Amino acid sequence: MTDRTTLVQLSLDGEDWLLKEFYGEDWRWRNSHLPNSRDGRGWRAATVPGSIYDDLQRNGEIPDPHFEMNTRLLEWIPARTWIFKRNFSVGTDFRGKYCWLRFEGIDYEAEFFLNGVTLGTHRGMYTPAEFEVSTHLNYEGDNLLVVVISHAPDEMPQVGRTSRTRTHKSRMGYWWDFCPRFVQIGIWDSVTLYATGKAWIIDVWVQPQLNTDFSRATINATIELAASTAIDVGVECRLLFGGEVISTQQQVSSANDKPLKLSFELDQPQLWYPNGYGAQPLYTLDVQISANAELSDSRQVNFGIRKIEFAPNDNAAVDAYPYVLTINGHKVFIKGWNWVPQDAMYGLPQLDKLDRLLTLAQHAHVNMLRVWGGGLIEKEAFYARCDQLGILVWQEFIFSSAGIENLPPSDLTFIDMLTDEAAQIVRRKRNHPSLALWCGGNELQYDEEKPIDGNPPLIAALHAVIRQHDPDRVFLPSSPTGGVFSFSIENAERDPDSLHDVHGPWEHQGLTKHYTLYNTVRCLLHSEFGVEGLTNLRTLEHTISAANRFPVTLDNPVWHHLGAWWVKERQWRESLGEVANLESLVRATQLLQADGVRYAIEAHRRDMYHNSGALPWQFNEPYPMAACTSAVDYYSQPKPLYYAVARAYASLQISAQFATQSWLNRDQFEAELWVSNTASTIYESATIEARLYNLSGEVIASQLTSLVIGANRSAKIITFQASLQGVDQLFLLDLKLWTDAHQSESIARNQYLFTCTADLSPLLALTKTTLLISRQADVLTIRNIGKHIAILVWIEDKRELESAGCVYFSDNYFSLVPGETRRVRAQWVEVATTERQLSIRAWNSNEIIVTG
């Protein structure tokens, strides 16, 4: 909902609600919805917006849903009918006005009562329920608001038949590979009572249009009005920037007539850019309307001025969609992630967690999030924060593949319902500059390797909605869009030009096969892929009892419940050997995950702009899974994968292309060294230093190479070779890049660990080294004073997992050769100095605790 800033508002959010469950319509027989009901037993305190599970847990009625298999004990909850009720009073400032009761999000079907009067019903998560209630309010005393939530609709889990879908509801909670069955119902977004005069604003749509050289913008505004009677309405529109009014227009319009259209001309507009490419200035259009010379309603719309286009990829097949993102005339390599709901209990208003996750994405150079089609149309706060941080949004409608059959529904009644709902969704989101494109859903397919096109009736209907209500944005039928589904050697061998936008794989392929895959297969866009790994050790300890933590096996029902798709015992054994304890297995699987995904991204960057970007699966997770593909765990703590991808997404990046991570029975190491630059800066005088180290820190080979780094391009620099005679079981490739202007410190760095054995088991038996830590203000100085390389130094917040506040690290997950020093900034947010506590350790060093 666009902000209303004048007249009268009353938030009905908060902890003043009561909650009770019923079987079917037993509530109606008991008159539980009426003001004088004698149904007084069994009501519990509740919070709106929120989650029924959270309410019941806080009332001590259910166990922690996030522990082991407790969600199985809670599957009765969505099978019940639930009543929410609260009392409230209104001031005299509501009297004599039109009063509107608005529910931003109901999940999924509800009936509404005010003071015993039926207001109506509503069905659907992503459209508001709104009622004019001025004749039903008690202006002298208490008002009773009652919301009856029906039991959850039957819907498919991850495996089923997509064509049988009959709801536009988050499917993730019905069971998915990264979320146990945890079906939500309730009031999941805000409730507001507000007042207007005789006329009110239905919608404000701002469409900035830039001229060809971006020196001038026309700000087109479409304002839709309504009124209780046919009256003339005075409309004042003010264009603001930085809080200052820069232009004003006034008109008189007839309410209930066609929308009012007006425009502003703006010289030298401040352009909005995605993260890493410029600033994110936001303008505001303030609209106030008057009826009979009295202020009647107002809206404020924030917007950015930018031009988004998609251009054809280099050397792409003629039938491919254009996937190269261009913003304000600049090519932008998509540095993305897939986004899932931040919590399976998505009604909980966790703004601090949202800000933490999106800030982590911004710090990791992310410029696009794909809002996956099994999750949510997110709340307004998500898009507003993306506007501020420069994170583009690829928004899917909530349809997803189901494995057995993946065609979108063809039921005409359902299509009509969804068309109406989609129009409302699009109109609510289209002012956001972060919104880059719309997509019909996730992995919708005709058959196993054939993604759908725009022909299925549901997809054609959604596309028509976009053309009517948001014609400046791209619409994709599904993700992937083909020509084939899978990123695979088989598809590349069959037809290399058929890999346009593709998905997969989601598992580490092995110490050689993984690199073979990404060295040989090319695609135009990789919008979903990943590698599995265990979650962070402290999260495991918080989620699983000691008796169930190890060994990690799907024969243990707890591990099956919390990681059935992602515990890869055989594959891990092949790559890691036998692992003796949980801590080592966490480290080792997270290494495979971090190395696997970063190498895939580096391969795509080496191929820019035949390849236009990468969106790994997945950035966050909605539930504390024991094993999955996320980069940040449920408690907003990054895994090593997060930092590995952050380096891969840096504007200036140096990478190595090599055949394998295991150099068993090979006499010579060989790697191509590449530099990728996504900025418009040219570096005229740069130097690469490549060094190969034994774990003792002995330099096996080194090479210096001078180069010029071109703007917004990738280039192979050299082939680096070194003899492996006499090399330890493990060795490290260390790459540094610096320029004449930055000789004292490298401006890009990358490291790769290799083995001369069949697997990475030598990593689990390293010789110890010693770290020395000092701190000045928020800067940590970490020095390796031992005689062996400190392998993969890891810094983490040592406080309790659910502590308030957070810390951001400028660098993490790196190796230090003997004598080397690395400086890391630790930026604490909303944490008192006395409560700050960090853990720092390498794989082969003791843990050091830093406080204060």
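Aromatic pairs number 44 across the whole structure, which is a predicted model. Two of them are set out here.

| Pair | Centre to centre | Angle between planes | Class |
|---|---|---|---|
| Trp 175 and Trp 565 | 6.0 Å | 70 degrees | edge-to-face |
| Phe 241 and Tyr 283 | 4.5 Å | 35 degrees | tilted |

The tryptophan pair links distant parts of the chain, 390 residues apart. Trp 175 lies in the loop between β11 (160–161) and β12 (186–187). Trp 565 lies in the loop between α11 (557–561) and α12 (569–576). Trp 175 is partly exposed at 29% relative accessibility. Trp 565 is partly exposed too, at 36%.

Phe 241 belongs to β16 (residues 232–241) and Tyr 283 to β19 (residues 283–291), 42 residues apart. Phe 241 is partly exposed, at 29% relative accessibility. Tyr 283 is buried, at 3%.

Ring pairs also build a cluster from Trp 337, Trp 339, Phe 382, Tyr 383, Phe 619, Tyr 642, Tyr 643, Trp 794 and Tyr 813.

Charges meet rings as well. The charged end of Arg 356 sits over the ring of Tyr 808, 4.8 Å from its centre. Arg 606 lies over the face of Tyr 599, 5.1 Å from the ring centre.

Arg 606 brings us to helix α13 (residues 582–606). Asn 581 caps the N-terminal end, with a side-chain oxygen 3.3 Å from the backbone nitrogen of Glu 583.

The disulfide count is zero. For Cys 179, the nearest cysteine sulfur is that of Cys 628, 10 Å away. Cys 179 is buried, with a relative accessible area of 0%.

Terms used:
Residues are numbered from 1 along each chain as its sequence is written. This is a predicted model: local features need pLDDT of at least 70, side-chain atom pairs count only at pLDDT 80 or more; totals for chains, interfaces and linings use all residues. Side-chain values use heavy atoms; hydrogens and water are left out. Helices (H or I, at least four residues) and strands (E, at least two) are DSSP runs, numbered from the N terminus. The expected span of a helix is 1.5 Å times one less than its number of residues. A polar contact is a pair of N or O atoms within 3.5 Å; within protein, one must be able to donate a hydrogen and the other to accept it, and residues adjacent in sequence count only if both atoms are side-chain atoms. A disulfide is a pair of cysteine sulfur atoms within 2.5 Å. Buried means under 20% relative accessible area, exposed over 50%, partly exposed in between (1.4 Å probe, protein chains only). Rings of Phe, Tyr and Trp (its six-membered ring) pair if their centres lie within 6.5 Å; planes under 30 degrees apart count as stacked, over 60 as edge-to-face and the rest as tilted. A charge sits over a ring if NZ of Lys or CZ of Arg is within 6 Å of the ring centre and within 35 degrees of the ring normal.
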